[in-house]
Amino acid sequence: MRADAVRGHLDGLLLAVLESGPLHGYAIITAVQRRSGGALATRTGTIYPALNRLERLGMLRSSWQSIGERRRRCYELTDSGRRGLGTKRSAWFTGAIGSVLTPGRAI
């Protein structure tokens with residue numbers, strides 16, 4: 001799938017993947033790809049700046065964790081991130097899905 005198909009939805013995708021618990025960057029990339037059935041292949045050059053931005057906004061927090069011999073930065077949702085995810089879900093379903101399910105309703 002083209003990268004521009006994800007544009008505008010990346011924050012919601014990242015927050016949704018992290019809803020179940022902390023993950024490191026590569027695991028986040030893998031989870032997005034797996035959960036989309038391979039349709040969404042995101043790149044590190046896209047994911048890490050978005051994760052850093054969400055952390056600056058207070059929606060994520062990160063910490064270094066040792067996994068075997070490697071240290072990896074793991075990201076997890078904050079309370080603000082959980083609220084933001086709920087807002088993104090609500091807006092997407094209300095807007096996009098609502099306009100399809102309700103004849104004559106435009107976004």
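Biologist: How many bridges join β2 to β3, and which way do the two strands run?
Modeller: Eight bridges join them, and β2 and β3 run antiparallel. Strands here are DSSP runs of E with at least two residues, helices are runs of H or I with at least four residues, and both are numbered from the N terminus. Two strands pair if DSSP finds at least two bridges between them. Before we go on, this is a predicted model, where local features need pLDDT of at least 70 and side-chain atom pairs count only at pLDDT 80 or more, while totals for chains, interfaces and linings use all residues. Residues are numbered from 1 along each chain as its sequence is written, and side-chain values use heavy atoms, with hydrogens and water left out.

Biologist: Got it. What do β2 and β3 form, with how many residues between them?
Modeller: A hairpin, with two residues between the strands. In the turn, G68 has a positive phi of about 65 degrees. I67 stands opposite R70 in β3.

Biologist: And what's the strand order in the sheet?
Modeller: The order is β1-β3-β2, an open sheet of three strands with antiparallel pairing. β1 (23–24) and β2 are the edge strands, each pairing on one side only. β1 pairs with β3 over two bridges, in the antiparallel sense, and L23 stands opposite Y75 in β3.

Biologist: Let's zoom in on Y75. Is Y75 buried or exposed?
Modeller: Y75 has a relative accessible area of 3%, so Y75 is buried. The cut-offs are under 20% relative accessible area for buried, over 50% for exposed, and partly exposed in between, with a 1.4 Å probe and protein chains only. Y75 sits in strand β3 (residues 70–77).

Biologist: Which residues is Y75 in contact with?
Modeller: Leaving aside neighbours within four places in sequence, Y75 is in contact with a list that includes L18, P22, L23, I28, Y48, E55 and S62. Contact means heavy atoms within 4.5 Å. Y75 and L14 are 61 residues apart in sequence, yet 10.0 Å apart in space, C-alpha to C-alpha.

Biologist: S62 was on that list. Where does S62 lie?
Modeller: S62 lies in strand β2 (residues 60–67). Its relative accessibility is 18%, so S62 counts as buried.

Biologist: What does the side chain of S62 make a polar contact with?
Modeller: One partner is the side chain of E55, at 2.7 Å. Another polar contact, of 2.8 Å, joins the side chains of S62 and R73. A polar contact is a pair of N or O atoms within 3.5 Å; within protein, one must be able to donate a hydrogen and the other to accept it, and residues adjacent in sequence count only if both atoms are side-chain atoms. Not counting residues up to four places away in sequence, S62 touches E55, R73, C74 and Y75.

Biologist: Switching to helices. Why is α1 largely enclosed by the rest of the structure?
Modeller: Because eight of the nine residues of helix α1 (residues 10–18) are buried. Among them are L10, D11, L14 and V17.

Biologist: At what angle do the axes of α1 and α2 cross?
Modeller: At roughly 100 degrees, and the axes of α1 and helix α2 (residues 25–35) come within 10 Å. That makes α1 roughly perpendicular to α2. The axes are lines fitted to C-alpha atoms, for helices over the stretch in contact, with angles from 0 to 180 degrees between N-to-C directions. Under 35 degrees counts as roughly parallel, over 145 as roughly antiparallel, 65 to 115 as roughly perpendicular and the rest as oblique.

Biologist: Which residues in α1 and α2 meet?
Modeller: L14, A16, V17 and L18 in α1 meet I28, A31, V32 and R35 in α2.

Biologist: What covers the buried residues of α2?
Modeller: The cover includes α1, β1, α3 (44–56) and β3. Just after α2, G37 takes a positive phi of about 70 degrees.

Biologist: Last one, how many helices and strands does the chain have?
Modeller: Four helices and three strands, running α-β-α-α-β-β-α from the N terminus on. Of the 107 residues of the chain, 34% count as buried.
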